[in-house]
Amino acid sequence: MKKMTAVVSMLVLTSTLLFGCSSNGGEQQETETPQTTQTTQEADGEEQTDPEVSDEAGKPQEPALADGVYTAEFHTDSSMFHVNEACDGKGTLTVKDGEMVIHISLTSKNIVNLYPGLAEDAQKEGAQLLEPTVDTVTYDDGMSEEVNGFDIPVPVLDEEFDVALVGTKGTWYDHKVSVTNVTPAGDDAADQKNAAAGQLEDGSYTINVTFEGGSGRAYIESPATITVAGDRITATVTWSSPNYDYMLVDGEKYLPVNTEGNSVFEIPVAALDIPVTVIGDTIAMSTPHEIEYTLTFLSDTAKTEE
């Protein structure tokens, strides 16, 4: 009898506790929270957001970079995939209409394609692979070498993002990269770097030129010849193709100075050691195409032409 009484008492107590949590904790919690939020909204006249969302949305956003050309550091997670040592770990970051692209020169031609994303997506049908450019890099000892370069879209600064690569053996690999320490390559930088040009006496020189852009099938030969006359520098550039019928530099149109062989142009050079954008019109395809390229004439490689 005592055992039966104890069992009944425990069941009553348990039932009371269960119904008490359901009515006071469940219903009340669900009905009071929206009411409190609604009252706050009506009182303040503004929509209140979830604290967690507020914390995330309330993070200060980095100001967008203005359109222009910058220098930036390019970091990777691999000793086999990095910027050429001649470039001091840096690339040229171009911002246009809010979109960022960094051009980097690699250590060789062993990496043949990049993909802005994961390796598995790079191998899907229709994937848009990044094609290499032919860049000429010059080392401290004066030796030059042609390597592959790439224009890589940059979705965010100072944070890692995915870039996949494939080498000559055809195997794709995933990597994490980041772009940091962006500095303007503006007029002040141009004036400072172009001081070397003022040290060149009037005359003709051979000078190494880096080349970026296009599909990599055509390029400008390096070294090129420059002529210095006062503060004016003119470069004679020779394409690897006879199919260029004009070039545009700062909106001015220049025609070839030869009629046979690969296309040769004489174009002005505004500054040494600063990337300069030019347009080359090629007739190699079914219809003429204007293609944008970036040239950099390296002052520390200038040698008097004999």
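**View 1. The largest cavity has a volume of about 30 Å³.** This is a predicted model, where local features need pLDDT of at least 70, side-chain atom pairs count only at pLDDT 80 or more, and totals for chains, interfaces and linings use all residues. Residues are numbered from 1 along each chain as its sequence is written, and side-chain values use heavy atoms, with hydrogens and water left out. A cavity is a set of points, on a 1 Å grid over the protein atoms alone, where a 1.4 Å probe fits but cannot get out. Points are joined across faces, edges and corners, and the volume is the space filled by probe spheres set on them. A search of the whole structure finds one cavity of 30 Å³ or more. Its lining (residues with an atom within 4 Å of a point) consists of Ile267, Pro268, Val269, Ala270, Val276, Val278, Leu295 and Phe297. Strands here are DSSP runs (E, at least two residues), numbered from the N terminus. S15, S16 (276–282) and S17 (289–297) each supply at least two lining residues. By class, the lining has eight nonpolar residues, no polar and no charged ones. Nonpolar means Ala, Val, Leu, Ile, Met, Phe, Trp, Tyr, Cys and Pro; charged means Asp, Glu, Lys and Arg; the others, Gly among them, are polar.

**View 2. Met247 sits in strand S13 (residues 244–249).** Met247 counts as buried because its relative accessibility is 0%. Buried means under 20% relative accessible area, exposed over 50%, and partly exposed in between (1.4 Å probe, protein chains only). Leaving out residues up to four places away in sequence, Met247 touches several others, including Trp239, Tyr254, Phe265 and Ile267. Contact means heavy atoms within 4.5 Å. Glu290 is 43 residues from Met247 in sequence, yet their C-alpha atoms are 8.6 Å apart.

**View 3. Gly261 lies in the loop between strand S14 (252–254) and S15.** Gly261 counts as exposed because its relative accessibility is 53%. Its C-alpha atom is 9.6 Å from that of Trp239, 22 residues away along the chain.

**View 4. Five strands form an open antiparallel sheet.** Their order is S15-S12-S11-S9-S18. Two strands pair if DSSP finds at least two bridges between them. The edges are S15 (264–268) and S18 (303–304), each pairing on one side only. S9 (residues 203–207) joins S18 over two bridges. Here Tyr205 stands opposite Thr304.

**View 5. Strand S1 (residues 68–76) runs antiparallel to S2 (residues 90–96).** Six bridges join S1 and S2. Gly68 stands opposite Val95 in S2. Six bridges also join S1 to S8 (residues 172–184), again antiparallel. His75 stands opposite Ser178 in S8.

Key:
Helices (H or I, at least four residues) and strands (E, at least two) are DSSP runs, numbered from the N terminus. On a 1 Å grid over the protein atoms alone, a cavity is a set of points where a 1.4 Å probe fits but cannot get out, and a pocket is an open set with protein on both sides within 12 Å along at least five of seven lines; lining residues have an atom within 4 Å of a point.
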